[in-house]
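Please work through the exercises below with the sequence and the 3D view side by side. Try each task before reading its solution.

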Amino acid sequence: MGHVKLHIPGPVEVSAKTFKAFCSPMVGHRGQGFKDLYAKIQPQLQALLRTRQLVYLSTSSAWGVMEGALRNLVAKKVLCCMCGAFSDKWLDVARRCGKAAEGLQVEWGQPIRAEQIDRKLASGGFDALTLIHNETSTGTMSPLAEIGALKKKYPEVLFIVDAVSSLSAIEIDFEALGIDVLLAGTQKAFAMPPGLTVFVCSPAALAKAATVGDRGYYFDFVEFQKNAEQSMTPSTPSIAHVYALASKLEDFFAEGLAARYERHLRLATKTREWAVNRGFTLFPEPGFESVTLTCVNHGAKAGGRVVDAAKLQKLVKDQGILIDGGYGKIKGTTFRLSSMGDETEASMHVLYEALDEALGKMG
Ligand SMILES: *Cc1c(COP(=O)(O)O)cnc(C)c1O
């Protein structure tokens, strides 16, 4: 069997143009060629993240920077906002880093709300919080604007936000939100090969990092800033990824960010409609559905049809498309359909037809 098209929520399908850029001839990472490449994409990255701060490139998956943020910024105690597999894991990672950490756990499928965070922070003692904007395991988006607004009340708490599966699919205004760290792995909505994370820090976060010990070297935010000022990275980056990122940014701005955001919303809306029209219910709390993936209940909650998610996945895979059969404790009772990256109405239509054919076979 040939290539199986990825419709899982990361990694996602990578375009031929991106792969071609990925295979560009190598340059030295301290030479003018690399500096020019980084300097060329810096303003585009700043426009995408809506920031005047320098945007950093980390040759690591997202977890590298997620762990790095804890090691750089937590001196007292971190509040980990938890609503799914990735956000739940961040508490575990904080403790493995030896940080004092407390969880704010809500039921999977629920978003994190500002008033819940407010209640926790009011008890005092926290100097950072972690939040996942788009919880990929449950397809649920938390309202960033209302959460960011809390920064005014708690200026001493650094807000660390994971936008791994949402950045570039919906507008995230780093400066206006007032948050302190924003990070995204690029194998999700950016549709790049896995292995690169982009991130940005507020001046307050950089000042705090400079005072925190044990932040190590590889993910030292102070080192990232120092090097970014020279259009470089602290250590040798995956230069192939930087070429691929330059190509991808070219695509983003050719399409136009507003059009890109609109496309993601439109395709996610269509996918939700496909599911509901087939008698399924959606896993997330209504009103908080992700704009990049759709997490569908296999039917148990609907009281209607119940499908075997693993069997559905297999029957779709037989047609050359990979969907996800649920993640973590909702594996088997949900399935996830990704519409992020380069997907179009036409490519999503192919997915819906494959799903329909598979459902037809399942009776
Ligand atoms: C995929 C994902 C991660 C983990 O990313 P890695 O690249 O595997 O480290 C973290 N957070 C969210 C929201 C994700 O979707």
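**Exercise 1: a strand and its partners**

Strand β10 is covered on both of its faces, with Thr197, Phe199 and Cys201 buried on one side and Val198 and Val200 buried on the other. Buried means under 20% relative accessible area, exposed over 50%, and partly exposed in between, with a 1.4 Å probe and protein chains only. This is a predicted model, in which local features need pLDDT of at least 70 and side-chain atom pairs count only at pLDDT 80 or more, while totals for chains, interfaces and linings use all residues. Residues are numbered from 1 along each chain as its sequence is written, and side-chain values use heavy atoms, with hydrogens and water left out.

Task: find which strands pair with β10, and in which sense.

Solution. Begin with the names: helices (H or I, at least four residues) and strands (E, at least two) are DSSP runs, numbered from the N terminus. Two strands pair if DSSP finds at least two bridges between them. Strand β2 (residues 56–58) runs antiparallel to β10 and is joined to it by three bridges, with Leu57 standing opposite Val198. Strand β9 (residues 181–185) also pairs with β10 in the antiparallel sense, over five bridges, and here Leu183 has Phe199 as its bridge partner.

**Exercise 2: two helix pairs**

Task: decide how α10 is oriented to α11, and how α12 is oriented to α13.

Solution. Two packed helices are described by the angle between their axes and the distance between the axes. Axes are lines fitted to C-alpha atoms, for helices over the stretch in contact (heavy atoms within 4.5 Å), and angles run from 0 to 180 degrees between N-to-C directions. Angles under 35 degrees count as roughly parallel, over 145 as roughly antiparallel, 65 to 115 as roughly perpendicular and the rest as oblique.

For α10 (residues 239–255) and α11 (residues 257–277) the angle is about 90 degrees, with the axes 5 Å apart, and so these two helices are roughly perpendicular to each other. For α12 (residues 309–317) and α13 (residues 345–362) the angle is about 125 degrees, with the axes 9 Å apart, and therefore α12 and α13 are oblique.

**Exercise 3: a glycine in a loop**

Task: is Gly109 buried or exposed, and which residues does Gly109 contact?

Solution. Gly109 lies in the loop between β4 (100–105) and α5 (114–122). Gly109 counts as buried because its relative accessibility is 2%. Leaving aside neighbours within four places in sequence, Gly109 is in contact with Cys83, Thr138, Thr140, Phe283, Pro284 and Glu285.
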